[in-house]
Amino acid sequence: MTAEEKRLKENSTKKVPLEQWGPYLSERQWGTVREDYSANGDAWNYFPFHHASSRAYRWGEDGLCGISDFFGNLCFSVTLWNGKDTILKERLFGVGNSDGNHGEDVKELYYYLDNLPTHFYMQMLYKYPQQAFPYEQIIAENKKRSKFEPEYEILDTGIFDNNEYFDVLVTYAKLNKKDIGIKIEITNRFSKAAPITVLPTIWFFNRWQSKITDEKPVIKTINRPGVVKAMHERLGNYYFYYPETNLQLFTENETNTEKLFGIPNATPFVKDAFHDAIIHNKNKVLFSGQKSGTKFAPVYEYMIQPGETKVLYLRISSTLLQHNPFGYNFEELFINRKEEADEFYNNILPKNISTELKNIQRQALAGLLWSKQFYYYDVERWLQESDGITALSWQRTHGRNSEWQHLKNQDIILMPDKWEYPWYAAWDLAFHCVSMALVDINFAKHQLTLIMREWYMKPDGQLPAYEWHFSDVNPPVQAWSALQIYNIEKEKNGKGDIRFLKKVFNKLIINFTWWINRKDPQGNNMFEGGFLGLDNIGVFNRSIQINNQAQLEQADGTSWMGMYALNLMDIAIEIAMQDDAFEDSATKFFEHFILIAEALNQLGMWNEEDEFYYDKLGLAGGETIQLRIQSIVGLTSLFAVSVIDKKVLKKLQDFDKRISWYKQYRLKNNKFWPNEEKTDQDKILISLLPKDRLVGLLKHLLSETEFLSDGGIRALSKYHEKNPYSVTIDGVLYSIQYDPGDSTSDFFGGNSNWRGPVWMPINYLIIKSIQKFGEFYDGSLKVEYPTGSGKFIELTEVADELEKRVIRLFTLNEKNEIKLYGKYNWFYQQPENRHLLQFYEYFHGDTGHGLGASHQTGWTSLIAQLIFERAQLKGEIFNSKIDE
């Protein structure tokens, strides 16, 4: 057992399997719903980026390459100044939703290089320009561009063209759980010497403005150079050690009301005081003479020669040390923790893969672990209190999330992307947990069950979608995720966690019932759900009813519910093998699945001519329109598939008896029956798809002129590039066409696009489903791959080919380029950047170029799981080009 595995084992005994200190500091707190106290719900403009340096947050903090304790009370991050910027670099910059031509987007270069689940070792790289950061240029250019043009990125500005930047490498290594070593390495990549000012900053989250703390915390000097004491009534005492310097600054984490709102400050010690002191030399003597505050930073000024690296050591500890905090063995701490990280990953990740693939896995998992964030939101208090700037209004107290006043979150949660999406999303989190199970199975289980707890799940059983609108509906993938996590642990340890499955099952039957009662208005097992996480997938916004008499029945809503029923059946079966009290539940969900499968296949969603499933719109007078859009909506029918071994049925005799009776009854009465059996294998296939319809769908899926791209399966068929779909409803023309890149529509903020790009979670589900079909058919069913090629292969081979296409998004090709970097490959071909990867939200449907959020690890970390599973299945070394 490695050192990290021993720490994880110790954490597994805790109620919350989590370290007290970690990368829990957000990368963007401004522009969030939690900080929005406006009457009109305009979060981006109520708390914009230019307020962030001067205005105290109420629901969290943010910073650059930062850490905090697990309640976000005491925070640390790196602050920089290149001598030219008009503000200190305290946080990552990006455009807000109204400033970007494709919605919000971070405009910085940073990379999560390494992390351990206990965060005893973490490393992150930030690239800081030496010229003035082009804030205004980026905003102006993005505002000027239309939705039909690409986003204007930091590499488009030219500021990195001549390598005129610093690499700022921040490494954390813990001596113990409450003693954290910090190493900041700054390398000048330019050909000339350049100045940089570094302010390692420690501060307290301002809870006192909301009167959450009885006593205001304080950071103060003690009778000793190079150390300050941070005192907090809940956290206790911590000491921040730093090399002695001529300048150290104190201030308060309080809003500069004079600057922002014209209201005189009670004191000059405000949040942005360091900006004035460093950039404008204002009040520098006053701030440096201060002996206490709630924000503190020592100041280091360097002139770094070309290629030179300056190293700065720091330390945060709960112990007052009597010796030199950076003694002779301090560097060894970082070396040893790095060795432990290598040992941990070498032990848990495949050994039969290339160095390149190992790097992809390691950085994907590092990003996932860096994406842990302290998330704080008490909806009831948020609605009933003013922020002291804007008075309470009826519009706000009865507006966004007002029906979610039970929701009181104060937890560490895996974020989709700590800048672009610094809030949890129900279905994203389910995918995150699958990747997390590779490195920390207990935290994966904790995260999945957390969102089902009483302070998340609504009393009626609905799960919260995301903070912009908790009542939106995401696909119900939690049961699927639970099964994946369970099986990963079972495969690794030889035994699964039945107690975990029971906990999940007991909560999800409540949520399943909510779906049945709320999203099947006709009671015919055909479901709604609105956008269902697929933003602009529809010809119109599926979350908005077109008129009072229109009724949308969704192929994906129905398929997701078929998958949900089947997943709950599988969970019940697994539990029933040890506890027969759950056998009846398996029967219940099996029979419910049959009814959903019948509805999908016989109530007008399948088009025989097109061999595809479509949404169905019912209009006044009984008219019904099939919305003939070939998209992921119709392909979700693949996801509901299960294979039951007849050995299981021999043990669950009541379940077996009920299946047999139900089959005979339905066949005798000419009712739909989706199951297939293979007598020579003693297996039963349960799926939404009859065999002929499976083959028909796969013709579309595997066609390179439709869904199949070099980088995986597109969200919308390329067929619609030359054949846009249009429909007129109540005199209004609605149209949709293939849109492989950034979104050209405004649905859901317009910052993501489901009309053509490749999405990792959908590709992962497709691959897993085809593998399951392949497991059953065992070579007896072959399909043409690619469609029209004349080459027929088994379904397991199809899944393998799809895996290779997705993995190739991240690997070097014959041109020594990485597909996801597109036109920016010139930057990543430089020696110092060749190992760097970003994990985008989605990928261009034609070129594979990364788009949307650039650090979505997040669900794009599923690439690590794909590589892992493929290595297990192949059982042999496969090279980085993934082309055998």
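Residues 24 or more positions apart account for 73% of the contacts (heavy atoms within 4.5 Å) in the chain with a separation of 6 or more. This is a predicted model, in which local features need pLDDT of at least 70, side-chain atom pairs count only at pLDDT 80 or more, and totals for chains, interfaces and linings use all residues. Residues are numbered from 1 along each chain as its sequence is written, and side-chain values use heavy atoms, with hydrogens and water left out. Welcome to a short tour.

**The whole chain**

- The chain holds 26 helices and 35 strands; helices (H or I, at least four residues) and strands (E, at least two) are DSSP runs, numbered from the N terminus.
- The chain is as compact as a globular protein of 884 residues, because its radius of gyration is 28 Å, close to the 29 Å from the globule rule. That radius is taken over C-alpha atoms, and the rule is 2.2 Å times the number of residues to the power 0.38.
- Along its principal axes, the C-alpha trace spans about 90 × 60 × 55 Å.
- Of the 884 residues, 65% are buried; buried means under 20% relative accessible area, exposed over 50%, and partly exposed in between (1.4 Å probe, protein chains only).

**An open sheet of six strands**

- Follow the order β1-β2-β3-β10-β16-β14 and you trace an open sheet of 6 strands with antiparallel pairing; two strands pair if DSSP finds at least two bridges between them.
- β1 (21–22) and β14 (247–251) each have a single partner strand at the edges, so one side of each is left without a neighbour in the sheet.
- Inside this sheet, β2 (residues 67–69) and β3 (residues 74–81) are antiparallel partners over 2 bridges. Serine 68 has cysteine 75 in β3 as its bridge partner.

- β8 (residues 165–176) is largely enclosed by the rest of the structure, because 10 of its 12 residues are buried.
- A hairpin of 2 residues links β8 to β9, and threonine 171 has lysine 183 in β9 as its bridge partner.

- In β30 (residues 725–729), Tyr725, Val727 and Ile729 make up the covered face, and Ser726 and Thr728 the uncovered one.
- β30 pairs with β31 (residues 732–736) in the antiparallel sense over 5 bridges, and threonine 728 stands opposite leucine 733 in β31.
- With 2 residues between its strands, this hairpin has aspartate 730 at a positive phi near 50°.

- Helix α12 (residues 426–436) has 11 of its 11 residues buried, so it is largely enclosed by the rest of the structure. Among these buried residues are Trp427, Asp428 and His432.
- Arginine 666 sits in helix α20 (residues 653–668). Arginine 666 is buried, at a relative accessible area of 3%.
- Setting aside neighbours within four places in sequence, arginine 666 is in contact with Ile594, Leu595, Glu598, Lys671, Phe672 and Trp673.

- Most residues other than glycine have a negative phi, and most peptide bonds are trans.
- Tyrosine 785 and proline 786 are joined by a cis peptide bond, with omega about -15°; proline 786 lies in the loop between β32 (782–784) and β33 (792–794).
- Another cis bond runs from threonine 857 to glycine 858, with omega near 15°; glycine 858 lies in the loop between β35 (850–851) and α26 (862–874).
- Histidine 119 has a positive phi near 65° and lies in the loop between β6 (109–115) and β7 (121–129). At 0% relative accessibility, histidine 119 is buried.
- Aspartate 778 has a positive phi of about 50° and lies in the loop between α23 (760–777) and β32. Aspartate 778 is exposed, with a relative accessible area of 56%.
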